[in-house]
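Open the model in your viewer and keep the sequence panel beside it. This tour goes stop by stop, telling you what to select and what you will find there.

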Amino acid sequence: MGEGPSSIEGCRSGPLIVTEDAELLDDLLRLCAAAGAVPEVHHGPPGERGGWERAPMVLVGDDAAGACRGIARRPGVMLVGRDQDDPDVWRRAVEIGAEYVLRLPDSEGWLVDQIANAVEGVGRSALTVGVMGGRGGSGASTLACALAVTAARSGRRTMLIDGDPLGGGIDVLLGGEMSEGLRWPDFARSKGRVGGGALEESLPALHGLRVLSWGRDDEVVVPPQAMRSVLAAARRLGGVVVVDLPRRVDESVAEALAQLDVGLLVVPGELRAVAAAQRVASSVRMVLEDLRIVARGPYLAGLDEHWVAKALGLPLVGDLPPETGLSAAQDSGSPPGTSSRGTLARFCNAFWELADTPARSDGALSRPRVGETR
């Protein structure tokens, strides 16, 4: 994965490989390495103490299929070879109970994904929430930070991702700009799969959560494929992923929007902010179906949170009142959402409680598209 993610990929126990074909073995070892997995290799069927039953998956070479005939059936067995025109391959697959028949190199990309999924034990994907401002200075980054802090404090596995290259770095809000760990420039050249566990372990750990922010150099561009790979890895970990996003939708931001479960548009209670938010919402909704309003006071005379949501034609999550002392607390090392008595933390805790409940007929927040893979 180049100079970025390849430097963080940890290797974990991988599939069982059964083959005597040296060339095929080299290919399978290469694919396991790409998935961040260390396989167990047998040149014949493993004995009772082998890894046939305990391995997350089994890759049987065409050459070894006959020797594996009669071995105990189990899920996750794949028959792998290169001959595209072998008429007997399906018979051999049935004899060993293989779920898939793969031909290299055509199936290499798919196989890497399956190996990584098996190793990581992919389950329910993370609830992924994006936050963006209806206009500049709306407090979107502050809300994103507070959502992540409160999620982590409630025991959720949490990752905060800064998707705004010109936002100054969300790690600053957490007081972790000097913390060790990788930043976006380390992932900018990612094109293939990023291991979820390796991603998590490589990032700065701050206030009980992991943070992917921007570096302090001049590189402020993340290609779309890098955004796609990193966010997909974060979602596979489960728990909660919060993404702080800019108002302008480019190709990379569109990749992030495509992986969100819900988007929150923070809109101050003033006419110009609503007008600006309308343009942002129009762009965002071309990619993200579920976009909701967080209205922020104080409001101009005659306006309230319901007026803001109605003017934008979007569902209202709630009103986010101002919190006194927020800047002073941040200067002392307490990030947004830390104070359990603050209005921001109360808002965020209520958000997560609603996100964990089934959908309600009155339009209250619920987690949309649970576990859906995009």
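**The whole chain**

Start with everything shown. This is a predicted model. Colour it by secondary structure: the protein has 12 helices and 13 strands. Of its 374 residues, 52% are buried.

**Stop 1: Ile17**

Select residues 12–18. This is strand 1, and Ile17 is in it. Is Ile17 buried or exposed? Its relative accessibility is 0%, so Ile17 counts as buried.

Next, show what surrounds Ile17. Setting aside neighbours within four places in sequence, Ile17 is in contact with Leu25, Leu28, Leu29, Cys32, Pro39, Glu40, Val41, His42 and Leu59. Ile17 and Trp52 are 35 residues apart in sequence, and their C-alpha atoms are 9.3 Å apart in space.

**Stop 2: Arg92**

Go to helix 2, residues 89–96, and pick out Arg92. Arg92 counts as buried because its relative accessibility is 14%, and the cut-off for buried is under 20%. Which side chain makes a polar contact with the side chain of Arg92? Select Asp86: the distance is 2.3 Å. Not counting residues up to four places away in sequence, Arg92 touches Asp62, Ala65, Leu79, Asp86 and Arg103.

**Stop 3: two cis peptide bonds**

Select Leu104 and Pro105. The peptide bond from Leu104 to Pro105 is cis, with omega near 5 degrees. Pro105 sits in the loop between strand 5 (100–103) and helix 3 (108–120).

Now jump to Gly297 and Pro298. A cis peptide bond joins this pair too, with omega about 5 degrees. Pro298 lies in the loop between strand 12 and helix 10. Remember helix 10; the tour ends there.

**Stop 4: His207**

Select His207. Its phi is positive, about 55 degrees, although His207 is not a glycine. With a relative accessible area of 40%, His207 is partly exposed.

**Stop 5: helix 4 against helix 12**

Select residues 140–153 for helix 4 and residues 343–355 for helix 12. At what angle do helix 4 and helix 12 pack? The angle is about 65 degrees, and the axes are 9 Å apart. The crossing of helix 4 and helix 12 is right-handed.

Show side chains at the contact. From helix 4, select Thr142, Leu143, Ala146, Leu147, Thr150 and Ala151. They meet Leu344, Ala345, Phe347, Cys348, Asn349, Phe351 and Trp352 of helix 12. Colour this contact by residue type, and you get 10 nonpolar, 3 polar and no charged residues.

**Stop 6: helix 9 against helix 10**

Select residues 271–284 for helix 9 and residues 305–312 for helix 10. Helix 9 and helix 10 pack at about 35 degrees, with axes 10 Å apart. Their crossing is right-handed. Helix 9 brings Leu271, Val274, Ala277 and Gln278 to the contact, and helix 10 brings Trp307, Val308, Ala311 and Leu312. The contact of helix 9 with helix 10 has 7 nonpolar residues, 1 polar and no charged.

**Stop 7: around helix 10**

Keep helix 10 selected. Which residues of helix 10 are buried? Highlight Glu305, Val308, Ala309 and Leu312. Turn the view to look down the axis of helix 10: the buried residues fall within an arc of 95 degrees, so they line one face of the helix. On the other side of helix 10, find His306 and Lys310, which are exposed.

What covers the buried residues of helix 10? The cover includes strand 11 (262–268), helix 9, strand 12 (291–296) and strand 13 (316–320).

Finish with the two ends. At the start of helix 10, select Asp304 and His306. A side-chain oxygen of Asp304 comes to within 3.1 Å of the backbone nitrogen of His306. Then select Gly313, which follows helix 10 and has a positive phi, near 70 degrees.

Key
Residues numbered from 1 in each chain as written. Predicted model: local features only at pLDDT ≥ 70, side-chain atom pairs only at ≥ 80, totals over all residues. Heavy atoms only, no water. Axes fitted to C-alpha atoms, helices over the stretch in contact; angles between N-to-C directions. Helix = DSSP H or I, 4+ residues; strand = E, 2+ residues; numbered from the N terminus. Left-handed = near helix turned anticlockwise from the far one by under 90°. Contact = heavy atoms within 4.5 Å. Nonpolar A, V, L, I, M, F, W, Y, C, P; charged D, E, K, R; others polar. Buried < 20%, exposed > 50% of the residue type's maximum accessible area, 1.4 Å probe, protein only. Arc of directions from axis to C-beta. Polar contact = N/O pair within 3.5 Å; in protein donor to acceptor, adjacent residues only side chain to side chain.
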